[in-house]
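Please look over the model below before reading on.

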Amino acid sequence: MEPLKSNESNNSSESKNVKFNNGNSPLKPSAAFVGASWMTLLIGIASYCIGLYNSDMAYNEKGYYFTILLFGLFSVISVQKSVRDRLEDIPVTDLYYGLSWFSTIASVVLLIIGLWNADLLLSEKGFFGMSFVLGLFSALAVQKNTRDLKQFESTTI
């Protein structure tokens, strides 16, 4: 058992940790988190596309749902980038920030409207919704990891 440290040593170690994690020295994401993020992104996109391929929809419906997936993936990456830029005091116009949020919300709403009106089983609708959300969330994580790794590499060189 380690003896208790004085308040002075505790305060100095806390200030070192705060200084280390305040953005001046970025932390490298773990390989497990990076791998899990990429794996879930691939699983989400692949399951959504396999579901589209196996569905009895017309080609124009399949194209609609595929376009919504691409639109959603791009828009969440855009949101992540603009939010992170603002946190790091990198200029982002209000117009771009608002459009990135609008496009993310629009992609989710368009998927919901499409699935609501689709002639699919409820289980199929749930499958498309869950794989869509998995893809969007993991795209955020992959973008975050990519940016964190790039920032870590640029500060360690």
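What covers the buried residues of α2? The cover includes α3, α4 and α5, where helices are DSSP runs of H or I with at least four residues, numbered from the N terminus, and buried means under 20% relative accessible area with a 1.4 Å probe and protein chains only. This is a predicted model, in which local features need pLDDT of at least 70 and side-chain atom pairs count only at pLDDT 80 or more, while totals for chains, interfaces and linings use all residues. Residues are numbered from 1 along each chain as its sequence is written, and side-chain values use heavy atoms, with hydrogens and water left out.

**Helix α2**
- Among the buried residues of α2 are Val-34, Leu-41, Tyr-48 and Leu-52.
- The end C-alpha atoms of α2 lie 34 Å apart, which agrees with the 34 Å that its 24 residues should span at 1.5 Å a residue, the expected span being 1.5 Å times one less than the number of residues.

- Beyond its neighbours within four places in sequence, Phe-132 is in contact (heavy atoms within 4.5 Å) with residues including Tyr-48, Ile-68 and Leu-111.

**Arg-86**
- Arg-86, found in helix α3 (residues 59-87), counts as partly exposed because its relative accessibility is 32%, a value between the 20% and 50% limits.
- Leaving aside neighbours within four places in sequence, Arg-86 is in contact with Val-92, Thr-93, Asp-94 and Tyr-97.

Technical notes: Helices (H or I, at least four residues) and strands (E, at least two) are DSSP runs, numbered from the N terminus.
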